[in-house]
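Me: I have just opened a structure that is new to me. Could we go through it together, one topic at a time?

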Amino acid sequence: GRGSTGSSRRITSSAWALFGLAVAIPLLLSACGSSSSTTSPSSTAPSKTLTIMVTNDDGVTAPGINAVVQGLRTLPHTSVTVVAPLTNQSGTDGKTTPASSGPLATSSSHTQAGFPATAVHGYPADTVVWGIKDHGLASKPDLVVSGINFGQNIGPLAAQSGTVGAAREAVSLGVPALGASQGIDNGQQPEFSEGVRFVENWVTQHRSQLLSSQRDPTPIQAN
């Protein structure tokens with residue numbers, strides 16, 4: 001969901017806390033909750049393709065998801081698929097549409113830059129349900145990236161965030177997930193390039209674990 005704007009600080013190059021990064025990852029990443037990870041980046045480009053599903057809670061045409069999709073597409077041996085809410089669903093936490101309502105409705109869409117996407121007519125967590133549980137995607141992704149959210153999700157905001165809710169839904173279905181939120185300054189447009197760079201670096205550093213078949217199902221959250 002959208003974070004408050006009054007006391008937020010623009011992200012710098014320093015760390016997790018300023019970025020407001022919410023992480024839920026069923027992996028053995030011992031230092032994932034700090035800025036000094038002990039996991040080394042891959043020294044050579046991997047031959048196996050890393051598959052990433054990208055969603056958010058601001059809607060499929062929001063600038064944050066557009067920015068992170070463009071960034072992730074530049075990573076080598078990485079395949080990106082976008083499945084996001086049709087409309088802004090900020091603050092919807094992990095809500096899902098009851099199964100009794102019938103199959104989730106979807107429509108073809110695209111990001112601001114024109115990258116093809118599937119728009120789910122529902123909540124952020126519904127996008128994960130459709131893509132993974134309902135087999136909307138041909139195969140289960142190696143990672144779900146949720147964001148980049150317009151506004152930080154820290155403290156009590158994280159509990160209300162659809163960005164975090166989608167990440168948690170992915171973890172509940174056995175898929176590692178990264179929820180990313182960008183702080184803003186006085187209501188101005190966030191500098192998404194800072195958040196994109198952080199997400200790119202995180203994915204690069206943890207690629208080998210994401211592609212590993214051995215995962216610890218305990219979720220981790222860092223802000």
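Me: Which residues of helix 2 are the buried ones?
Reply: They are Gly64, Ile65, Asn66, Ala67, Val68, Val69, Gly71 and Leu72.

Me: Which unit do strand 2, helix 2 and strand 3 make?
Reply: Together they make a right-handed β-α-β unit. Its two strands, strand 2 and strand 3, run parallel and are joined by five bridges. Within that pairing, Thr51 stands opposite Ser79 of strand 3.

Me: Is strand 3 mostly covered or mostly open?
Reply: Strand 3 is mostly covered, with six of its eight residues buried. Strand 3 also pairs with strand 5, in the parallel sense, over four bridges. There, Val82 stands opposite Ala117 in strand 5.

Me: What about strand 4 and strand 5, do they run parallel or antiparallel?
Reply: Strand 4 (residues 106-110) and strand 5 (residues 116-120) run antiparallel, and five bridges join them. One of the pairs is Ser107 with Ala119, its bridge partner in strand 5.

Me: How many residues lie between the strands of that hairpin?
Reply: The hairpin of strand 4 and strand 5 has five residues between the strands, and Gly114 takes a positive phi near 95 degrees.

Me: Changing topic: where is Asp142 found?
Reply: Asp142 is in the loop between helix 3 (124-133) and strand 6.

Me: Does it count as buried or exposed, and why?
Reply: Asp142 counts as buried because its relative accessibility is 13%, and the cut-off for buried is under 20%.

Me: What does the side chain of Asp142 reach?
Reply: The side chain of Asp142 reaches the backbone nitrogen of Thr51 at 2.9 Å. In sequence, Asp142 and Thr51 are 91 residues apart, while their C-alpha atoms are 5.2 Å apart in space. Thr51 is the residue that stands opposite Ser79 in strand 3.

Me: Now the whole protein: how many helices and strands does it have?
Reply: The protein has seven helices and seven strands. From the N terminus on, the order is α-β-β-α-β-β-β-α-β-α-α-β-α-α.

Me: What share of the contacts join residues at least 24 apart?
Reply: Among contacts between residues at least 6 apart in sequence, 80% join residues at least 24 apart.

Me: Last topic, confidence: what is the mean pLDDT?
Reply: The mean pLDDT of the protein is 77, and 69% of its residues reach 70 or more.

Me: Where does pLDDT stay under 50?
Reply: One such stretch is residues 2-46, for which the model has 126 contacts beyond four places in sequence. Another is residues 217-223, with 29 contacts of that kind in the model. Where pLDDT is low, the predicted coordinates should not be read in detail.

Terms used. Residues numbered from 1 in each chain as written. Heavy atoms only, no water. Contact = heavy atoms within 4.5 Å. Buried < 20%, exposed > 50% of the residue type's maximum accessible area, 1.4 Å probe, protein only. pLDDT = per-residue confidence, 0-100. Pairing = 2+ DSSP bridges. Polar contact = N/O pair within 3.5 Å; in protein donor to acceptor, adjacent residues only side chain to side chain. Right-handed = clockwise from strand over helix to strand, strands pointing away.
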